[in-house]
Each structure stands twice: as C-alpha cells, then as structure tokens.
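Here's a quick tour of charges and rings in one model. Have the viewer open while you read.

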Amino acid sequence: MHYDFVAERHILYPTRIWESLAHLIKTCLGAGFLGIHEAYMYGGIWTSLVSSIFITIISTYNMLSLAKSAHIQYNRLRTPKLSYPDLVEVTVKYGPVRCFRKWSKAFRYAVDTCLFIELCSVCCVYHIMIASTLKQSLEVVSVYMADLALNIRIYILLVLLPILLISFIRSLKYLAPFSLVADAFIVLCAFTAIYYSIKQAKNINDVPGWKGFYGFFRFSGVFMYSIDGITIIMPIENIMERPLSIPFVIHVGMTIVVILTSFVGFFGYWGWREDCKTPITTNMPVETGTLILRFLIIIMFTATYAVHFWVPFRIAWRYLGRKIKRKRARCERLYRTALVTIICLVCIGLPNMNILMSFVGNFFIAFLTFIFPAFIDSMVTWDRNNPYHHLKLIKNFSIMAFGAVLTIGSLYSYLEFYLA
C-alpha cells in the first residue's frame, strides 16, 4: 500500500520551490566562495575549471541520490520525514547487510560528527575572514595600524568578544535577515571581483593550467567547501510544500552555484595570477566603494557567524542537554562560551583559511558528499534480482573510492604544507 508522506506532513510554514532554491544557493555560496580564486591558483586554471564541473556533477548526483533514498524510506517505514543522521541510521538498521545492523547508531554518530566538525569549520572560516578583513581595512585607513602591522592572530582575539556576544542570541528569527543581506554582499563582491579581475587580465596562455597533484588536492578541498550543499538538502526537503520537486531545486541550484563559483575562480586567478589572496576583497584596489564594502562585510559576517553557529550547537546540545536537568539556561550559555572559545583557539592555531577549507573539504565533506550517500543508495536500492544490480554497486563503490582518494589526498596536502 502506497504511503503518502506529503499528506502526512503538517508543516506550519512550508517553503515553495523558489524559496527552497534560494536556501540552497544561499547555503552553498558561503565564506569559501570568497576564496575560490586562490583555490584556482593552487590547481591551475584549466585543471581547476574542468575539475569544478566534474566534482559538481558527482556532488549533484549524490544529492539527488540522497533525496531519492529518503523518499523510498518514507514509504517503507511509514514516516513523513527524516534528517541525514536519521536516514543513515534507519538504512543500516533495516538494511540488507545483517552484520551492519548492530552498528546503526555508530553510523549515525559518524554522520553527526562529520556534520558537527564541518559546520564548526564554517564558523572558523567566518571568524578568520572577519579578522582578516578588519586587519586589511584598518591598515588601509590608518597609517599607524599599517606601521604597527599586528599579526592576524591578534585580530582573531580582538573579534572574539563581539562574536561571543552575538552567539548568545537563541532565536534565529533575529539573525536571518542579516544572513540574507550578507549573502547579497557576497554576490556583490563576486561581480565586483570579476569586474576588477577582467581589467587586470592579460594573456591567458601565460597562466599555468596544471600544478601537480598537491595543488589539485588543495583546490578540490576548497572547491567542495565552497559548493557544499549536502548538509542542507534534507532540512530543505523536510519543509518543502512539494518535496517531490526537490530534484528540480538541486539541478537548478547547483547549476547556478557552479557557474558563479567557476566565474569568480577563473577570472579571479586569470586577473591576479599568483597574487591571489583570501578573501577576494584583498585583491581589489583601495577605493572608497571597496573600503565601505569591506566594513559592511565585517558586520554582516559577524551576524552570519551566529546563524551558522546555531547548527553545530544544536547537534552537540542534542546529546549534552539530555543529561542536564537543572539550570539548563546557565549550562547552555557556558557551553556556547566554551564552543566559541574552542573555535577561536582553532583559528589562532590555523589562521590560514584555505588550508583549513582544503582539509575539511577533502576529509569531512568527502565523507558527507561522496561516501555516505553512495553507501545509503547501495543499501536502500539493494535488489539481487535486478540485472543491473552489480553495475549499480560498481558505480557506487567508484563514487566511494573517489571520496576515499580525496580523504587521503587531504592528509597528504595538509602534511605537505606543514612539512615544507
């Protein structure tokens, strides 16, 4: 008997298709988007462009696969919606491989851990980008600050207090408008960067097309970090008015994301060559307009930090909050303080944004985008009577192998950077 999971959903404010599309694009075009031109510098202009298209195709396929697997499980389990960790848990628990079933909770914890670390790293990147933009802006407007030339780690500490205070806000409704404005400024930065980079561009034949495997792994990590949308697919699908239209949202959204990202990366590297720096506002000329844009980005990114901080906080608080029966509000504030401080310490220890994005992108996002979705698809669609069953398994194992290569490559590029 068919189960109508759409009719069983009782969502107070469901999102329309175009609203869901906006959520996906907004999530993908985050802080990493402003460092994609430096990623192209690592990989080489033509290698990076081709790899951008290839990685996006596989990522899009896996996002579709994840949503399709969820729809199959809704009918099997008679449940109206599932989160990403829920999906991997029930897939293993009721899957065809019996020896895996007792490890269903372990799979859930693995997904939660990857999500938590990946989303905390987003906060790290925002923290470093706020500090970096503040440092560049102050050194432009003040001769004294330029002569002083404080280390970036000092600025990371200086911005800790405002970030900590805004992270105490417990309701997203006060922060969401700032996040939308921040995304508008990111797009404005993108078109401004393309404009200035085209003015700087010279003979494209002089731009390196390939820079070796080390550069490729660094590029792929930053690029996956910049277009990552797998973490938001299930939350978007769960609140859609027409969840069966999620393939349209994914196809259109990822097409827009890869076009914008590739344009900024390609023209940014072509224009500024080996002088590419993150954030991309660093490469822009010192003018009144660009200076105002930098200060506005600092304000908006501070608010956006709090929006992104809310997600990893809720993941961890889901486990920690169960054991706290008294003084929950005080304990929650202490936990928020501890987590923001830990994120700040990570930023101080690793102030290079692109190395951080490259490592997290290749390691944790590779698991979330390639390995887990392909594994879930294999378990959900397992059917030995299907003549194409083995071909499907080979395809999924190939995707998982690609994710494993990126994971190993992240460790290689990380060690190569610090041992060089």
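R326 sits in the loop that runs between helix 15 (288-320) and helix 16 (328-349), with helices taken as DSSP runs of H or I, at least four residues, and numbered from the N terminus. This is a predicted model, where local features need pLDDT of at least 70, side-chain atom pairs count only at pLDDT 80 or more, and totals for chains, interfaces and linings use all residues. Residues are numbered from 1 along each chain as its sequence is written, and side-chain values use heavy atoms, leaving out hydrogens and water.

R326 counts as exposed, at 68% relative accessibility.

Now the salt bridges, meaning a side-chain nitrogen of Lys or Arg within 4 Å of a carboxyl oxygen of Asp or Glu. The structure holds ten of them, including these:

| Pair | Closest N to O |
|---|---|
| R108 and E89 | 2.9 Å |
| R108 and D112 | 3.9 Å |

What is the separation of R108 and D112 in helix 7? They're four residues apart, so about one helical turn lies between them. R108 is buried at 5% relative accessibility, as is D112 at 8%. E89 is buried too, at 11%. As for K395 and D377, the pair links helix 18 (residues 389-419) to helix 17 (residues 353-380), 18 residues apart. K395 is partly exposed at 25%, whereas D377 is buried at 3%. Shared partners also join D86, E89, K105, R108 and D112 into one salt-bridge network.

On to the rings. There are 27 aromatic pairs, which means rings of Phe, Tyr and Trp (its six-membered ring) with centres within 6.5 Å; planes under 30 degrees apart are stacked, over 60 edge-to-face and the rest tilted. Y40 and F219 go edge-to-face, at 5.5 Å centre to centre and 90° between the planes. Y40 is in helix 3 (residues 36-43) and F219 in helix 12 (residues 212-227), so this pair ties together parts 179 residues apart in sequence. Both Y40 and F219 are buried.

F313 and Y335 make a tilted pair, 5.4 Å centre to centre with 35° between the planes. F313 belongs to helix 15 and Y335 to helix 16, so the pair ties together parts 22 residues apart in sequence. Both F313 and Y335 are buried. Finally, W46, F263, F266, F267 and W270 form one aromatic cluster.

Definitions and conventions. Helices (H or I, at least four residues) and strands (E, at least two) are DSSP runs, numbered from the N terminus. Buried means under 20% relative accessible area, exposed over 50%, partly exposed in between (1.4 Å probe, protein chains only).
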